[in-house]
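Take a look at the sequence and the model, then work through each task before reading its solution.

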Amino acid sequence: MKLHGFLLVLAVLLSTSGKAQNCLGVPLKTGQSFEMSMFNAKDKPTGKVTYQVTDMRREGSQTLVDITVQMTDEKGRQQAPYTVRYTCTGSELLADLSGLAQTMQNAGMKDTQIKLKTNQLVYPGQLTVGQKLSDGQMEADMITNGSNMMEMSLVMSNRQVEAQQPVTTPAGTFNAYKISSDLSLTNRVMGMPIRSTMRVVSYRTTDQLLDIRSETYNKSGKLMAYTLLSRVN
């Protein structure tokens, strides 16, 4: 999987009648869409991701939001869409990290089944500067013809709200919280681990479901890529 494809995924969560509902105060409805644009460190466009709310419903005290994700590279080529689910508990937003595994499946492992073992990234309903957030984690097995071909593990640790500041994107100007974290990705193929580490800085606001901006740095602190919220419909 190409690096910019991985970063594209990482920049990264209604009732069927279309009636608007809230997810931790964020108004959403079926058919609503969001677009994230991605750039490399030299500000060159490298792709876009479109998120569309396909279903939003209540189950007990929780609100479940199903979102279809469509990735398009810089040449206009689209990958097969996939679905992620966000869960609003009333006090927290549980984001879905399975998109990375689904993208790898679409990219070249089409006969592979994904067995998720862990899949959770939690955002509290209220953010404050200095706040420390719980680790995010996604673990999955990629299984082909009954055999485990690859084990994938993604961990987002040392998550902390560093500041609150205005952030401007093509979608507008937002009063956003800056959240930093360390990302560790391990793919174990035939028992051999392939590891990579990155630093991720994201900007979130209380009236949008997705990040407003996200920046990815290598372990030396050099900017590799960034994404911007470019459209909300």
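**Before you start.** Keep in mind that this is a predicted model.

**Exercise 1.** Describe the chain as a whole: what is its secondary structure, and how many of its residues, in percent, count as buried?

*Solution.* Begin with the elements: the chain has two helices and 15 strands. Next, turn to burial: 47% of the 233 residues count as buried.

**Exercise 2.** Find the disulfide and work out which parts of the chain the pair ties together.

*Solution.* The structure holds one disulfide. Its partners are Cys23 and Cys88, with sulfur atoms 1.5 Å apart. Now place each cysteine: Cys23 is in strand β1 (residues 21-23), while Cys88 is in strand β6 (residues 82-88), so the pair joins parts that lie 65 residues apart in sequence. Are the two cysteines buried or exposed? Buried means under 20% relative accessible area. Cys23 has a relative accessibility of 2%, so Cys23 counts as buried. Cys88 has 4%, so Cys88 is buried too.

**Exercise 3.** Locate a nonpolar patch on the surface and decide whether Ile194 is buried or exposed.

*Solution.* The patch is formed by Val189, Met190 and Ile194, which together have about 320 Å² of accessible area. Of these residues, Ile194 sits in strand β13 (residues 192-204). The cut-off for exposed is over 50% relative accessible area. Ile194 has a relative accessibility of 53%, so Ile194 counts as exposed.

Methods
Residues are numbered from 1 along each chain as its sequence is written. This is a predicted model: local features need pLDDT of at least 70, side-chain atom pairs count only at pLDDT 80 or more; totals for chains, interfaces and linings use all residues. Side-chain values use heavy atoms; hydrogens and water are left out. Patches are made of residues with over 30% relative accessible area and no salt bridge: like charges are joined within 9 Å, nonpolar side chains (Val, Leu, Ile, Met, Phe, Trp, Tyr) within 5 Å. Accessible areas come from the Shrake-Rupley method with a 1.4 Å probe; for residues, only the protein chains shown count as cover. A salt bridge is a side-chain nitrogen of Lys or Arg within 4 Å of a carboxyl oxygen of Asp or Glu. Helices (H or I, at least four residues) and strands (E, at least two) are DSSP runs, numbered from the N terminus. Buried means under 20% relative accessible area, exposed over 50%, partly exposed in between (1.4 Å probe, protein chains only). A disulfide is a pair of cysteine sulfur atoms within 2.5 Å.
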